[in-house]
Amino acid sequence: MVDMFVFDRLLAAYTMAAHMFFTYWAMSLPFFIVIAEYLGYKKNDPYYLALAKRFAIAMAVLFAVGSALGAAIAVEFITAWYKWMFITSEVDILPFEVEVLAFFTEVIFLALYLYGWDKFGRKAHMALGSLIGIGASLSGVLITLVNSWMNTPQGSFDISTYLQTGQLTDINPLATLWPPAANGEIPMVLAGAWFVGFGSLVGYFSFRKLFSKNLDTYSKEYYNRGLKLATYLAALDAIFLAWAGDNAGKELYKLQPLKFATLEGVMQTQAGAPMQVGPISIPKLLSFLTTWNPNAVILGYSSFVKSVQDPIWWLAHDAYDLHATLGIIGAIVMWILAAAYLFPRFGKTFSWLGLDNPTERKLPLYVGLIIGWAQFIAWETGWIAAEVGRQPFVIWGPMVQTSNGLYTVEGVLLTSEAYNPNPDVFGIGIAIMIAIAIAIIATPIMLKRLFANREIKQDVITITTSPPSFSSQTPITKQSSISSTKQKRFGKR
Amino acid sequence: MNPYVLFFFIPLSWFVTVFMIEAGSVVMIPICKYENYREQMMIMVGSLWAIISTSLVYLVVALDGTFAPIMYATGEALFGVLLALIIILAFHHFFIGSAEGADTLGKHSTSKLYLIVAMPFVLLVAFLGNTLFTSVFSGYGIGLKLPLTTVATVLEKGELPAILHSAPNTQIFYPNYVQMIFNPFNWVFFIAVVMYVVYFTVVFYGIKERFLLGALALTLAHALFLASTALWLPLVFNSAVGNAGFWIFVILTYALLYLSTHTNIPWRQVWIAALTFAGGMMFGVFTQGYILYDTTRSTLAPLGLPAVPSSLLLTVQPTLIAGTIVLAVAGLLVLGGISAVSYKLFYKPAVKKLKTKTETK
């Protein structure tokens, strides 16, 4: 007999993880593409334009699969998690509805961008590309707002009346557009998604440089530009990420100290709490990072009643540690690589690490490949930590002190009350999982087939000889200037 | 009638219309000389992706936002069909998309093969969608664990959240798959839908040599829609036959069939899409906002109700009002904005290209 409580959670986790695999690209690729396009125009460089054009095709494919998976989740919500969806629809549906607007805007601008290379002016075309990124990021923000509401529904309805009578009163839909937890979650999601997107691009270009056989000069130039651009963007975003991560931790402790204790694995309430990462314990660091006071008291599980403690806290805690570790390593690596590109003297100082020529030397390329793609693991584990760390509640509530001095959480809905117990979900759920697996496996195959007969060289030469024409402007790349740029560049080699 | 019903029927009618255009591409193979219409059809399918990707999302979110308590019906009675539908729909899109991709690459026979493979998936999507639709309106297959009057009272007093809070394991509905799938209303209505798709395709592509087939399919569609509603949804039937708008709609369907197959009527595709959309909306109006009709009418008649009013299933007022504004804007974007962009960017240039190609030949 299958435990449907476990299976429904697995199904939701699996579908969501698959969907999220595409979301960070949806949020980051448009910006990468538009910046490549801008650099192409600014530097009269056909390689950047080739990057923009080729990745725009990839973006369309990833968008199609990602949105199909989004539709699958939407249907799972109203079937496998209908009780949660009922409460959400009654109180917190506004972010979903606005998200539909953002999604439609994204679709419109995607269509205009993809088919508008020869129909709009340069600035207008780049603006369209930016709007895809803004639409996609806004979609991510709005969905995360639902998550924030699930963590802190305070203000959107009268929770104490609901807990006493079960009546939904004083509903304020506008409050759902910025729940308290959004202060920490939104910057984290934006910075994280962009970082994973740019990081995975670093991983992709490094992989190409390392493992593509018989790379011609065109391909090398193309990958080098992609690698540098992705590294710069990741390094820039890492600054935002560092702040967002710190802010998310502080906000979490302020709003949900129990969830914070779960993620950090704090069992005992103590002053001057140490930071525990695997076997390493750094005295007072957790207190300091959380409050700027190294001696501050941090609430642990010992301050909470047993019934609200996460039964699988270790999973959330380990996932959180992995997430944070990979993110921090990722940021440091991207900063070092970007510094090596920007400041050749810095690179030469660390030539023993291959930083004197990071686009060609194997060590930085391998590091870029591993750490770049590891951000995907950081993304998924971060999400696991956030979701598992919320247990046993699917919708939280305020924290209150009980008569014996311990704290409890007056949760609105327990996860164990929200799932669909019908065993018929199992068979269909397995079929959905298989269909999703097929979609994920088919995506790279489809991308490979799309680019099978479309060599980089061919794209670069096409752009060089017949640059995209724009209605109100001069052609982007004059033949002579492109040729001279190429001569200069190739002459150096 | 509860006007919010329209917030369900607008996205539903739109989804149905878009689905018919897509399904029509598969219907083309058995009903006409496929090769003669292949290029037109592929242009159409290739122009639809943005509309297709948005129409289902709009439908689901509109349902969530407008009728929150219906989540209990979707989660307890309709989940099997809904989840099966999403899988089949994915394969349906995949095969039709692959057919379009193969055609773009000049692999016409592969493209045709994909369309043939897509056929059972298209039929299944239509059937499962139809099953959901007929179940909700007739009530077949949606069993009640609690007495109907109790459920109605709970909904009327807005006590569903209280039940969820105090007794979260309370089950209100249960699925009766045999009744849901094998009831005659479902099958008769489904055949009517298939007939309408045949008619739709003949008009959409202006297939002159299949005028008679189109007329026959349309007549059958109308006859079956009327017969099925007369037998199982008399409320809808009576509203329709007593409404001049319905008869004007019937006349227009025949007129459009003739005009699109015998004359070069401009905006042919737009007219048939608009007519189909209007047909869907009319059905919504004719339900007068009542659902679960056939299975509840005898119980509710003593209370003076023809069936369960869908107003009982509305989301709470503040959320509903805020959401309605957003859904209306989203409707404008999805029905207007995305369609306009798809027409201007995908369809028009492709048709122009095809014309140039034909003239060059």
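The model is predicted, so local features need pLDDT of at least 70, side-chain atom pairs count only at pLDDT 80 or more, and totals for chains, interfaces and linings use all residues. Residues are numbered from 1 along each chain as its sequence is written, while chains are lettered from A and ligands numbered from 1 in the order in which they are written.

The model scores ipTM 0.91 and pTM 0.91. Confidence per residue is given by pLDDT, the predictor's own estimate from 0 to 100. Chain A has a mean pLDDT of 91, with 94% of its residues at 70 or more. For chain B the mean is 90, and 100% of the residues reach 70 or more. One stretch of chain A, residues 470–493, stays under 50. The model has 28 contacts beyond four places in sequence for this stretch. Two residues are in contact if their C-beta atoms, placed from the backbone, lie within 7 Å. Where pLDDT is low, the predicted coordinates should not be read in detail.

Chain A contains 17 helices and 8 strands. Helices (H or I, at least four residues) and strands (E, at least two) are DSSP runs, numbered from the N terminus. The C-alpha trace of chain A spans about 80 × 50 × 45 Å along its principal axes.

Chain B contains 16 helices and 4 strands. Its radius of gyration is 21 Å, close to the 21 Å that the globule rule gives for 361 residues, so chain B is as compact as a globular protein of that length. Its C-alpha trace spans about 75 × 40 × 35 Å along the principal axes.

The contact between the chains takes 49 residues from chain A and 48 residues from chain B. On the chain B side, the elements giving two or more residues are helices H3 (49–66), H4 (70–76), H5 (79–104), H8 (160–166) and H16 (317–360). H16(B) supplies the largest share, 16 residues. By class, this side has 34 nonpolar, 13 polar and 1 charged residues. Ala, Val, Leu, Ile, Met, Phe, Trp, Tyr, Cys and Pro count as nonpolar, Asp, Glu, Lys and Arg as charged, and the others, Gly among them, as polar.

One helix pair spans the two chains. The axes of H4(A) (residues 94–115) and H3(B) come within 10 Å and cross at roughly 175°. Axes are lines fitted to C-alpha atoms, for helices over the stretch in contact, and angles run from 0 to 180 degrees between N-to-C directions. That makes H4(A) roughly antiparallel to H3(B). Angles under 35 degrees count as roughly parallel, over 145 as roughly antiparallel, 65 to 115 as roughly perpendicular and the rest as oblique. Residues of H4(A) in this contact include A:Phe96, A:Phe103 and A:Phe104. Those of H3(B) include B:Val57, B:Tyr58 and B:Val61. The residues of this contact divide into 10 nonpolar, 3 polar and 2 charged.

Within chain B, the axes of H5(B) and H6(B) (residues 108–138) come within 8 Å and cross at roughly 155°. H5(B) and H6(B) are therefore roughly antiparallel. Their crossing is left-handed. A crossing is left-handed if the near helix is turned anticlockwise from the far one by less than a right angle, and right-handed if clockwise. The contact of H5(B) with H6(B) has 21 nonpolar, 7 polar and 1 charged residues.

H6(B) also packs with H10(B) (residues 184–205), at an angle of about 130° and with the axes 9 Å apart. H6(B) and H10(B) are therefore oblique to each other. H6(B) passes H10(B) in a right-handed crossing. Among the residues that meet are B:Phe127 and B:Asn130 in H6(B), and B:Phe189 and B:Val193 in H10(B). The residues of this contact divide into 7 nonpolar, 5 polar and no charged.

Two backbone features remain. Most residues other than glycine have a negative phi, and most peptide bonds are trans. A cis peptide bond joins A:Gln391 and A:Pro392, with omega about 10°. A:Pro392 lies in the loop between helix H13 (362–388) and strand S5 (393–395) of chain A. B:Trp267 has a positive phi, near 60°. B:Trp267 lies in the loop between helix H13 (244–262) and helix H14 (268–286) of chain B.

Conventions:
Rg over C-alpha atoms; globule rule 2.2 N^0.38 Å.
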